[in-house]
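Please keep both in view while reading the points below.

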Amino acid sequence: MLYNYSFANRKRDLSDVMSTVIKDEPRFISNFRMAPDAMSAKHEYLEDQLTGRGISVTAIADGVLTLSAGDAGKLKTGTLIAIKDNPALLRVVEVSANSARVEIAAVNGSEYSDVASLPSGGGKFIIVSTPMGEGTSNGDGEENYHLSTVEWNATQIFRKEIVLSGTSLAVSLSGNADNQLNRQTAFALADLARDLNRVALFGRRVEASANTRGEAGGLYFFGTQSGVPVIDANKVKLDSFIINDAAQAILGEGGDPMQILCSPGQARVISNEYRDRIQILRSDERRGAYVAVIVNEINGRGMTIMADPDMPDTDAWVLDTGCFALASLSGRAITDMDATPNGFDGIRRVAIGELTFEFKNVKQRCCRIKNLLASGEAIAALRGA
């Protein structure tokens with residue numbers, strides 16, 4: 001080696017530094033907490049047990065509700081339910097694979113005084129509770145309707161090189177070789193965090209094989225699969241109505257909407273509506289290209305607006321950030337080591353690691369808003385108003 005420095009023959013663990021860089025990165029990737037190490041290149045993980053407190057009924061006839069098998073599984077004999085936005089209380093009398101028979105438990109001032117008057121087209125219902133009698137035993141109570149399922153993602157190898165030429169070392173504008181290498185390593189990790197952000201958004205899931213490189217799936221891969229809530233905006237501007245519809249879809253499935261992920265342009269659009277009620281965050285715990293909090297009108301809690309420059313302008317997501325985690329393959333966390341070839345005029349180190357993303361309960365924690373009016377058009381219309 002032509003040039004010496006203090007950690008020339010050392011392999012450095014950069015995972016803690018990388019965690020800090022990711023946390024402070026002003027993009028979607030900052031939502032990803034560190035998860036336990038992956039044990040395989042095909043990383044399998046258990047999803048959380050989230051209980052949805054709503055059902056969708058497609059038809060009602062003579063007190064019989066037609067619904068999906070999944071929603072029927074949420075009901076038991078004796079469960080009390082109510083039509084959304086109506087005070088009438090209904091009691092489940094009998095449950096089958098795709099239907100449930102109900103009776104009127106309490107009119108509560110509603111126009112629905114008997115089962116014959118219930119709307120034949122069905123609609124959204126909420127689950128009130130399942131009252132228990134005395135002396136109940138295990139198995140008599142409400143069950144975990146969404147049992148833990150196994151989901152998986154593939155690991156992906158990320159590599160960045162840190163190179164200092166002999167001329168750069170001789171000029172020594174940034175101090176000694178140690179300082180210059182640490183500075184360039186910091187730039188490499190910031191560049192890696194931006195790569196991770198784009199993979200976390202747009203990556204596809206590809207399991208590694210002898211002739212195939214492993215690729216980690218991202219939000220659009222998992223979040224556009226069948227069963228994930230989606231709202232088509234039909235070219236209208238992003239506003240509180242659409243956001244609250246998405247938040248309600250997540251709440252109905254047992255999630256907790258915490259964040260609105262959008263482009264910087266769409267952040268300007270929604271901020272215009274909330275301009276007298278918005279809170280800008282400046283704390284160390286939450287950072288971003290633009291981060292602000294608005295009140296969720298569905299449950300009264302705050303939702304963060306995260307403006308990510310990598311987000312497509314005509315899309316937005318309402319997210320429960322408990323969905324996201326970042327895992328390293330065991331023994332393959334981000335490290336850097338010397339890779340200087342013999343006779344090379346300078347120093348070369350390589351930062352390398354194998355990582356993947358966990359997306360837990362996407363169908364209950366994410367709702368995509370697509371086909372929005374472009375932010376430039378929306379802002380132009382607001383200026384002209």
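In which loop is T130 found? T130 is found in the loop between strand 9 (123-129) and strand 10 (150-154). The model discussed here is a predicted one.

**T130**

- With a relative accessible area of 8%, T130 is buried, because buried means under 20%.
- The side chain of T130 is joined to that of T79 by a polar contact of 2.9 Å.

**Aromatic pairs and cluster**

- A pair of aromatic rings is described by the distance of the centres and the angle of the planes.
- The structure holds 10 aromatic pairs.
- One of them is formed by F28 and F32, whose ring centres are 5.2 Å apart and whose planes stand at 85 degrees, so the pair is edge-to-face.
- F28 is buried at a relative accessible area of 0%, and F32 also counts as buried, at 5% relative accessibility.
- F324 and F359 form an aromatic pair that is edge-to-face, with 5.7 Å from centre to centre and 85 degrees between the planes.
- Because F324 lies in strand 18 (residues 324-328) and F359 in strand 20 (residues 346-359), this pair ties together parts that are 35 residues apart in sequence.
- F324 is buried, its relative accessible area being 0%, and F359 counts as buried at 0% relative accessibility.
- One aromatic cluster is formed by F28, F32, F221, F222, F324, F357 and F359.

**Charges over rings**

- The ring of F7 has the charged end of R12 over it, 4.1 Å from the ring centre.
- The face of W152 has K42 lying over it, at 4.9 Å from the ring centre.

**Strand 13**

- In a regular strand the side chains alternate between the two faces of the sheet.
- Strand 13 (residues 259-262) is covered on both faces: Q259 and L261 are buried on one side, and I260 and C262 are buried on the other.
- Strand 13 and strand 16 (residues 302-307) run parallel and are joined by 4 bridges; L261 has M306 as its bridge partner in strand 16.
- With strand 17 (residues 316-319), strand 13 pairs in the antiparallel sense over 4 bridges; here the bridge partner of C262 is A316.

**Helix 1**

- The buried residues of helix 1 (residues 15-24) include S15, M18 and I22.
- Viewed down the helix axis, the buried residues of helix 1 fall within an arc of 55 degrees, so they line one face of the helix.
- These buried residues pack against strand 1 (12-13), helix 4 (177-202) and strand 18. Strand 18 is also where F324 lies.

**L65**

- L65 is found in strand 5 (residues 64-67), and this residue is buried, with a relative accessible area of 0%.
- Leaving aside neighbours within four places in sequence, L65 is in contact with V57, A59, I60, I81, N98, S99, A100, V102 and F125.
- From C-alpha to C-alpha, L65 and S120 are 9.1 Å apart in space, while they are 55 residues apart in sequence.

Terms used:
Residues numbered from 1 in each chain as written. Predicted model: local features only at pLDDT ≥ 70, side-chain atom pairs only at ≥ 80, totals over all residues. Heavy atoms only, no water. Phe/Tyr/Trp six-rings, centres within 6.5 Å; stacked < 30°, edge-to-face > 60°. Buried < 20%, exposed > 50% of the residue type's maximum accessible area, 1.4 Å probe, protein only. Helix = DSSP H or I, 4+ residues; strand = E, 2+ residues; numbered from the N terminus. Lys NZ or Arg CZ within 6 Å of the ring centre and 35° of its normal. Polar contact = N/O pair within 3.5 Å; in protein donor to acceptor, adjacent residues only side chain to side chain. Pairing = 2+ DSSP bridges. Arc of directions from axis to C-beta. Contact = heavy atoms within 4.5 Å.
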